[in-house]
Amino acid sequence: MKSKCLILFSIYRSRDGRSSRGSRAHWCTSFGSSVGRFTWLGRHIRGGERRTPAASVWDMEPLSADGTELDGFFDILEERRRSSDLSYAFRTFTPQPYRGAKPISAAALKRMVLESQYLSYIIQEIMEESDEPREALLEEASTLLDEMSQNLQLGFIRLLGYALNKVFKSVFSSIHVNEDGLTRLQQAIQEYPVILMPNHRSYMDFLVLSYIMFTYDLSIPVIAAGIPLMGMKLIGEIFRRSGAFFIRRAIGSDKLYWAVLSEYVRTIVRTGYAPLEFYVEGLRSRTLKSLTPKLGMMHMVLEPFFKGEVFDICLVPISISYERVLEESLLAHELLGVPKPKETTGALLKARTVLKEDYGCMHVCFGNPVSVRDLVKGKINSRQYNLVPRDLPMKPNEETQEFVSGLAYMIIRSQERNAVLSAWNLMAVVLLQNLQGIDLDLLTHKTLWLRRLVLRFGAHLRWPKNVPDSEVMSLSMKLHHSVVRCEKERVYLVEEEGPGPVTQEEGVFRRAAAVLMCASYRNQAVHVFTRPAMVAVAATTSASNRTDDIFHHFKFLLELFSNEFVLIPGQAVQDFEEGCSLLQQSGVIGRSDEEIYVRDNGQETIVFLRAILQPFIESYQVVFRYLCEESSQTFREKMFSSNIRSFIMKLLISGKVQSYECLSSDLQKNVLSALLRMAAVTKTKVDDQNEFRVNKSAVKRTWDMLSNGWTPQISANARL
């Protein structure tokens, strides 16, 4: 296999990753019937009318009439299993690039950055501030660019495609892609600079999109990747030559690094060098929930449009949904404080046993390309950019920052709306509300009830037709044997086993790991319930049935949990109306002009929705209790993590706290972020460390508001 890969690389090596125009007839002949669906795709795009690819981010057509059969998706692995891996890797690759772009090499791209007026201006500023000579700063900028930049080469794309073909066929039963989304994407790539914006749940995200683009003859993207990947011997270089450019995690106030990175990104966008891919969430989500957006890269990719260097930019939200995630155990242990293993080639080779496991289905949904030009109308005064030369840095004003932030949130909401749920996501919701175990028949009954609810709430659900429901669930449990087991017709979570007797702390840790693994799959569906659940909590804890009172409590929950869930700032009214509308359409609540009331037949749904938020509410209460009763008034960030973990561990052992999710480090950090935003906690830098000061009376007020009318322990009979 190694020799074949080396031959493949040497034959197809290309300096800039672009192939010459090949004959489509030759491609069809060499690749056979497996290209039939894609040649239809190409004819459909290039033969039809030239339409604008831009659309509202909300215009995605429903995936199905009933949510169970996902129309328009095609399993790309089905054809790969019938064809040779070598024929797939060797086939003619003829992507249609952005028609306004002139082909340039990766080396020429770097020269453009180093010779730019923008970088020259920043270097001059640094010279005046530090007295460093220009030559030294230019040399440092060149070194940074060498560390950072990609070196996209077609030979390595083919090598990676060959390897991924084998890996994906081994670990996934299917990879489903919506071809109408690819149709829109290919048209967009030809007309405007395109920014691919997938969610980030697994290391596989980085690989699967390039694999799909190569499979469908689309321009290979350049991808913003974390610098730890660069340090992996051989693998890091393969990633670089497959389009990855590497970004440091902690940039801080390094002015020169910011200048090199931002100019590099802007040059890629304005030249149309290749589609650019980055994760608007910034980091891989360890909880599998959506994360609030990070805006640094977002500002960089949009600036060429704001400065009039490109006519338009298309942002493409992409939802990647996994039936089973390769890192499920690793993520749970990271949340419990176990250090993340260093990303090395040796560690990757040791982890190759995961390739023997079955990880089920993957769905990749390419959303409608979003036109920045259309969305910006009436929101930003472009004249401000005409007052400053394009080559000079310009700090975005308040209206620009607000627009960019709103756009980033909108992309993440689109990712959530286009996510595809599986039967296991629903089963995980039920299992977490029955941690002592549940009879298989009851689990089936509750899951089917939940299936009807999520479909009424508009979720996209993959539930195979013509397969008995009991078999669908049985297959799901078999796939997730690392999380759940069935004994004597009763279903339990699986806890890790270890040698020798287990201490109380070890027992709690193992239980918490099992719960957090299961919670990660619930979290993939939690966005479906967030707004109606907040309405349910507000409606049952407010002082009256008056709409104003319920909205007031809803708004408090929205503000408190805005780091926990993706909630667009300034849209409390829209979120409230969305939650109420879903509950009203489902027959759960009734509304008059001034009141909201729960219908008799809606009580079961209300109790369920309250239980969805219960682990989050109890976890926040526990952190508030720690800050008010146990913590000193000031503390360092590292001490907080270890001290609160010990505090919660004692509460769990004593039975005073029920939710093992309290131990999640991400959740604890979200509580601190919420209190910082609400001015109940302040943060300062002391000796290069974050130091927090607690206003205990303000935290106590927030605690009281959250606890008002809420009973942390819901009886077992009231749960799903």
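**View 1. The span of residues 206-231.** The end C-alpha atoms of residues 206-231 lie 16 Å apart, and the span is 38% helix and 19% strand. Helices (H or I, at least four residues) and strands (E, at least two) are DSSP runs, numbered from the N terminus. This is a predicted model, in which local features need pLDDT of at least 70, side-chain atom pairs count only at pLDDT 80 or more, and totals for chains, interfaces and linings use all residues. Residues are numbered from 1 along each chain as its sequence is written, and side-chain values use heavy atoms, leaving out hydrogens and water.

**View 2. An open sheet.** Three strands form an open antiparallel sheet in the order E11-E14-E13; two strands pair if DSSP finds at least two bridges between them. Strand E11 (438-439) and strand E13 (484-487) are the edge strands, each pairing on one side only. E13 is joined by 4 bridges to strand E14 (residues 490-493), and Val 484 stands opposite Leu 493 in E14.

View 3. Rings of Phe, Tyr and Trp (its six-membered ring) pair if their centres lie within 6.5 Å; planes under 30 degrees apart count as stacked, over 60 as edge-to-face and the rest as tilted. The model has 25 aromatic pairs by this rule. In one, Tyr 88 and Phe 214 are edge-to-face, 5.4 Å centre to centre with 90° between the planes. The ring centres of Phe 529 and Phe 608 are 5.4 Å apart and their planes are at 85°, so this pair is edge-to-face. Phe 529 is in helix H24 (residues 526-541) and Phe 608 in helix H27 (residues 603-630), 79 residues apart.
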